[in-house]
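Got a new structure open and wondering where the labels come from? Let's go through some of them, one question at a time.

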Amino acid sequence: MLGRLARYIERRWDFLNMLKHVRDSRQNSTIPTSAIFLSVFGMHSIRLGSLNGLEQQLQIPGRWEPLVGPVKPSADTVAYAMERCDPEPLRMMLANAARLAKRKKAFKRLYPDTYWVGALDGIETYKSKKGCCENCCQRNVGTDEKPIIEYYHREVVLQVVGVTPACILDEEPVLPGETETTAALRLLERFHTRMPRFLDVLTMDAFYLQAPFAKRALDLGYGLVTILKQENRDLYRDAEGLFQITTPETAALVNGTAEVWDVKDLTSWSQLGRPVRVVRELKKYLKRERVANNWVERKVVEDWRWVVVFPDGQQPPTDIIRRWGHARWDEETRGFGELTKHWHLDHCYHHHPVAMLAIRLILYLALFLTSLFFQRNLQPEIRDGKTRLHLAGLLADDLVRGGVASFWEKPP
Ligand SMILES: [Zn+2]
C-alpha cells in the first residue's frame with residue numbers, strides 16, 4: 001500500500017515538487033537529500049522506532065529502492081544530514097499541505113463551525129540524566145543539597161483543532177532560559193507571515209494568559225480563548241463575583257447538564273488594556289467506567305473558565321466558545337495523543353537540536369499525509385475499525401512484496 005500512498009501524495013498533494021525545496025548543507029555528498037528525506041518519511045510512515053532499525057531495513061536488497069531511489073543512506077548519514085537540514089522547507093511543506101487540504105475541503109469538521117481554530121501547546125520530547133546539547137534545558141530533580149540535573153527538550157506546537165485529520169502546522173523549540181510564551185511568539189510571527197489568514201482563533205492553556213503575548217497575538221489578528229485559573233487573581237475574582245449574581249443558562253449534555261455563564265466587558269486584566277469576556281461552564285455528568293470487570297457510573301463535576309478576547313470586538317456565540325475550549329482535548333483532534341502512543345514522538349532519534357526538529361517536522365508531515373490517504377483514499381471496509389498500527393503494517397507490505405522499480409511516476 002506504500003506504493004498507493006506514494007502515487008496519491010505525488011498526484012494530489014504536490015509532494016515531489018515540494019520535496020525539491022528540501023535541502024541540507026552537506027558538502028560533496030553522494031547520497032541525495034531526497035533519499036535521506038524519503039528514508040525518514042518512510043521510517044515514520046511504517047513506524048520504525050530508530051535510525052538503526054531504519055538502516056537494517058534499508059540494507060535489505062531491493063526493499064526500499066522503490067521509495068528512496070537507488071542510493072540508500074546509512075543511519076550515520078541520515079543523522080549527519082538531519083543535523084545539517086534546513087527546517088524552513090520542511091515547515092513550508094507542512095504549510096502547503098495544510099493550505100491545500102483547506103482548499104480541497106479535505107478537513108472534516110468535528111462540529112459545525114465557520115472559524116478556523118489552532119491550539120498552542122507545550123510538549124516535552126526528551127528527558128535524560130545524561131547527554132547535553134546546546135539546546136538542552138536543565139532542571140534540578142534532586143534537592144538543594146543533593147542536586148540531580150535532568151536535561152530536557154520542550155517545544156511549542158501549533159495544530160488545527162476541531163477538524164480531522166489531525167494537522168500540526170509548526171513547531172518551535174523552547175530555548176534554555178526562555179519561557180514557553182517567548183518561543184510561542186516566535187512561532188506565531190513566523191506562521192503568520194507564511195499563512196496570515198489560515199487561522200482565526202487560538203485556544204490555549206492558562207499559562208498563555210500573559211499580557212505581552214496576548215497583545216501581540218491580538219495585533220496579528222487572532223481571537224484568543226485561554227483557560228482562566230486562580231493564579232490570575234484579579235480577573236478570576238471579578239469574574240467569580242459576576243457569576244454569583246448572574247443566572248446561568250442550562251445546556252443538556254449526553255449524560256448530564258452544563259450550567260453556562262458568559263460575562264462581558266471585564267476590565268480587571270489591566271495590563272492588557274482592553275476589556276475581556278469570561279465564559280464559565282460547570283459540567284455535571286455521569287461517566288461510565290470499567291472497574292474490576294464491572295461497569296460503574298461515577299458522578300463527574302468539571303468547572304471550566306475561559307478568557308475570550310477578539311481583536312475587533314467580535315463576540316462569537318457562547319456555545320462555540322465552549323467547543324473551542326474543549327477542542328484542545330478532543331481525541332480525534334489531538335495529534336499528540338496518537339503521536340506519543342504510536343509514532344514515537346517522545347523518542348529521540350538523534351540527540352541534536354536541528355536533527356530532532358527536522359525529524360519531527362517530517363513526522364508531522366507523515367502523520368498528516370498518511371491520515372489523508374487513509375481517510376480519503378481507502379475503502380471504509382479496509383479502514384474502519386482498524387488501528388493506525390494495523391494500517392502502518394499494510395503500508396509496509398509493499399516494501400516486502402517488491403517487484404516494482406519505483407513507487408513514483410517521476411522519481412525524485
Ligand atoms: Zn539536548
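Q: Why is K108 called partly exposed?
A: This is a predicted model, and in it K108 has a relative accessible area of 46%. Buried means under 20% and exposed means over 50%, so with 46% K108 lands in between and gets called partly exposed. You'll find K108 in strand β1, residues 108-109.

Q: What makes the surface group with K108 a patch of positive charge?
A: K108 gathers there with R12, R103, K104 and R376. Lys and Arg count as positive, so these residues make a positive patch.

Q: What makes helix α11 mostly covered?
A: Seven of its ten residues are buried. Those buried residues are I320, I321, R322, W324, G325, H326 and A327. The helix itself runs over residues 318-327.

Q: Why is the contact of R84 with E83 called a salt bridge?
A: Their closest N and O atoms are 3.2 Å apart. The cut-off is 4 Å between a side-chain nitrogen of Lys or Arg and a carboxyl oxygen of Asp or Glu, so the pair qualifies. R84 is partly exposed at 28% relative accessibility, and E83 is partly exposed too, with 23%.

Q: How many salt bridges are there by this rule?
A: The count comes to 32 salt bridges.

Q: What makes E171 and R360 a salt bridge, and which parts does the pair tie together?
A: Their side chains meet at 2.9 Å, N to O, which is within the 4 Å that the rule asks for. E171 lies in strand β6 (residues 167-174) and R360 in helix α13 (residues 353-377), so the pair ties together parts that are 189 residues apart in sequence. Both E171 and R360 are buried.

Q: How do you know that R305 and E240 form a salt bridge?
A: The N to O distance is 2.6 Å, and that is within 4 Å. R305 lies in strand β12 (residues 294-309) and E240 in helix α10 (residues 233-245), so this pair ties together parts 65 residues apart in sequence. R305 counts as buried because its relative accessibility is 8%, under the 20% cut-off.

Q: Which residues do salt bridges that share partners join into one network?
A: That network holds E88, R91, D170, E172, E178, R186, R190 and R194.

Q: What makes the peptide bond from T164 to P165 stand out?
A: That bond is cis, with omega near 5 degrees. Most peptide bonds are trans. P165 sits in the loop between β5 (163-164) and β6.

Q: Why is D265 called exposed, while D14 is called partly exposed?
A: D265 is at 57% relative accessibility, and exposed means over 50%, so D265 counts as exposed. D14 has 35%, which falls between 20% and 50%, so D14 is partly exposed. D14 has a positive phi of about 55 degrees although it is not a glycine, and D265 has a positive phi of about 60 degrees.

Technical notes:
Residues are numbered from 1 along each chain as its sequence is written. This is a predicted model: local features need pLDDT of at least 70, side-chain atom pairs count only at pLDDT 80 or more; totals for chains, interfaces and linings use all residues. Side-chain values use heavy atoms; hydrogens and water are left out. Patches are made of residues with over 30% relative accessible area and no salt bridge: like charges are joined within 9 Å, nonpolar side chains (Val, Leu, Ile, Met, Phe, Trp, Tyr) within 5 Å. Accessible areas come from the Shrake-Rupley method with a 1.4 Å probe; for residues, only the protein chains shown count as cover. The place of a charge is taken as NZ of Lys, CZ of Arg, CG of Asp or CD of Glu. Helices (H or I, at least four residues) and strands (E, at least two) are DSSP runs, numbered from the N terminus. Buried means under 20% relative accessible area, exposed over 50%, partly exposed in between (1.4 Å probe, protein chains only).
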